[in-house]
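Please look over the sequence and the model first, then read on.

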Amino acid sequence: MANKAHQPPHLHLAEVTASQFLDIWKHFDADGNGYIEGKELENFFRELEMARRGAGVDPSNPIFREKMKEFMQKFDKNKDGRIEMSELAQILPTEENFLLCFREFVSSSAEFMAAWRRYDTDRSGYIEANELKGFLSDLLKKANRHYDDQKLQEYTQTILRMFDLNGDGKLGLSEMARLLPVQENFLLKFQVKRNDLWCVSVNFFQDGNGYIDEQELDALLRDLYQTNKKDVDVKNLTGYKQSIMTLSDGGKLYRGELEIVLCREPIV
């Protein structure tokens with residue numbers, strides 16, 4: 001029984017549902033940090049190979065290592081050596097993978113942010129669990145995906161299982177953004193600590209009005225690139241800026257909005 005409890009779930013299936021996808025994710029993201037990496041990644045690839053081949057594999061075999069390298073070259077879109085939730089959604093065969101809906105309609109993350117703001121009315125960086133169904137319904141409509149009430153309820157419950165880990169009925173923007181395509185996800189790009197953010201941004205709030213405009217945001221993001229020792233990607237920078245400004249109020253972006261989208265720690 002103990003061995004059965006530790007068997008990886010559902011990898012042998014021809015198709016997996018949204019709920020089964022979550023079971024797989026939680027099984028292999030053992031430390032819950034939002035990535036399948038290191039030993040977790042080796043375990044995932046080994047079990048995936050076993051499920052597909054119907055036979056055991058030897059991780060010490062050079063052929064295994066070569067196949068794993070090819071696998072990562074194909075699916076590790078941002079080349080960081082680990083698998084994120086949206087990357088796993090590309091790997092597994094799914095019947096109705098609602099996670100892919102996000103990738104299909106999000107040419108930039110601005111659509112996601114605009115939908116979020118409609119439900120995060122107090123701009124806390126969270127939406128209440130009872131508002132989640134409306135939020136997901138909006139996204140599915142934008143993705144032009146047909147669904148019934150039963151399927152929407154399944155998706156809603158799966159999202160709750162993913163992100164409402166403490167059962168407080170609130171879901172965070174930075175957590176749910178893990179569903180976005182990796183290359184679009186500016187919310188995971190910088191991983192800024194709150195103190196670091198204000199060290200970088202203090203010059204942009206010197207006039208005391210409590211907000212910055214789009215031009216100042218551009219300069220702030222360039223500073224963050226430099227702080228994180230990343231080369232400035234002008235195309236992506238434009239997309240990040242437009243997405244973040246979606247949360248602004250008439251072109252005014254306040255400190256609270258910046259914390260929501262750029263800080264790794266939740267607002268308390």
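**The chain as a whole**

The model is predicted. Its protein chain has 14 helices and 4 strands. Of the 268 residues in the protein chain, 48% count as buried. The accessible surface of the chain comes to about 13700 Å², and carbon and sulfur atoms account for 46% of that area. Among contacts between residues at least 6 apart in sequence, 61% join residues at least 24 apart.

For "domain: EF-hand", an unreviewed UniProt entry lists residues 16-51, 63-98, 107-142 and 151-186. Over residues 16-51, the chain is 69% helix and 0% strand. The end C-alpha atoms of residues 16-51 are 13 Å apart.

How far apart are the end C-alpha atoms of helix 3? Helix 3 covers residues 38-53, and its 16 residues should span 22 Å at 1.5 Å a residue. The end C-alpha atoms are 23 Å apart, which agrees.

The buried residues of helix 3 are Glu-40, Leu-41, Glu-42, Phe-44, Phe-45, Arg-46, Glu-47, Leu-48 and Glu-49. The cover over these buried residues includes helix 2 (18-28), helix 4 (62-75) and helix 5 (85-91).

Arg-46 is one of the residues found in helix 3. Its relative accessible area is 18%, and because buried means under 20%, Arg-46 counts as buried. Neighbours within four places in sequence aside, Arg-46 is in contact with Val-57, Pro-59 and Phe-64.

Helix 9 can be checked by its span as well. Helix 9 runs over residues 149-163, and its 15 residues should span 21 Å at 1.5 Å a residue. Its end C-alpha atoms are 21 Å apart, which agrees. The buried residues in helix 9 include Leu-152, Tyr-155, Ile-159, Leu-160, Met-162 and Phe-163. Lys-151, Thr-156 and Thr-158 of helix 9 are buried too.

**Aromatic pairs**

A search of the whole structure finds 8 aromatic pairs. Two of the pairs are set out here.

| Pair | Distance between ring centres | Angle between planes | Kind |
|---|---|---|---|
| Phe-44 and Phe-71 | 6.3 Å | 50° | tilted |
| Tyr-119 and Phe-135 | 6.1 Å | 80° | edge-to-face |

Phe-44 lies in helix 3 and Phe-71 in helix 4, so this pair ties together parts that are 27 residues apart in sequence. Phe-44 is buried, with a relative accessible area of 0%. Phe-71 has a relative accessibility of 7% and also counts as buried.

Tyr-119 and Phe-135 are both buried.

**Charges over rings**

The charged end of Arg-82 sits over the ring of Tyr-35, 3.5 Å from the ring centre. The charged end of Lys-170 sits over the ring of Tyr-126, at 4.6 Å from its centre.

Notes. Residues numbered from 1 in each chain as written. Predicted model: local features only at pLDDT ≥ 70, side-chain atom pairs only at ≥ 80, totals over all residues. Heavy atoms only, no water. Helix = DSSP H or I, 4+ residues; strand = E, 2+ residues; numbered from the N terminus. Buried < 20%, exposed > 50% of the residue type's maximum accessible area, 1.4 Å probe, protein only. Contact = heavy atoms within 4.5 Å. Areas by Shrake-Rupley, 256 points an atom, 1.4 Å probe, with all protein chains shown as cover. Expected span 1.5 Å × (residues − 1). Phe/Tyr/Trp six-rings, centres within 6.5 Å; stacked < 30°, edge-to-face > 60°. Lys NZ or Arg CZ within 6 Å of the ring centre and 35° of its normal. UniProt positions renumbered as here; feature names shortened; annotations may be inferred.
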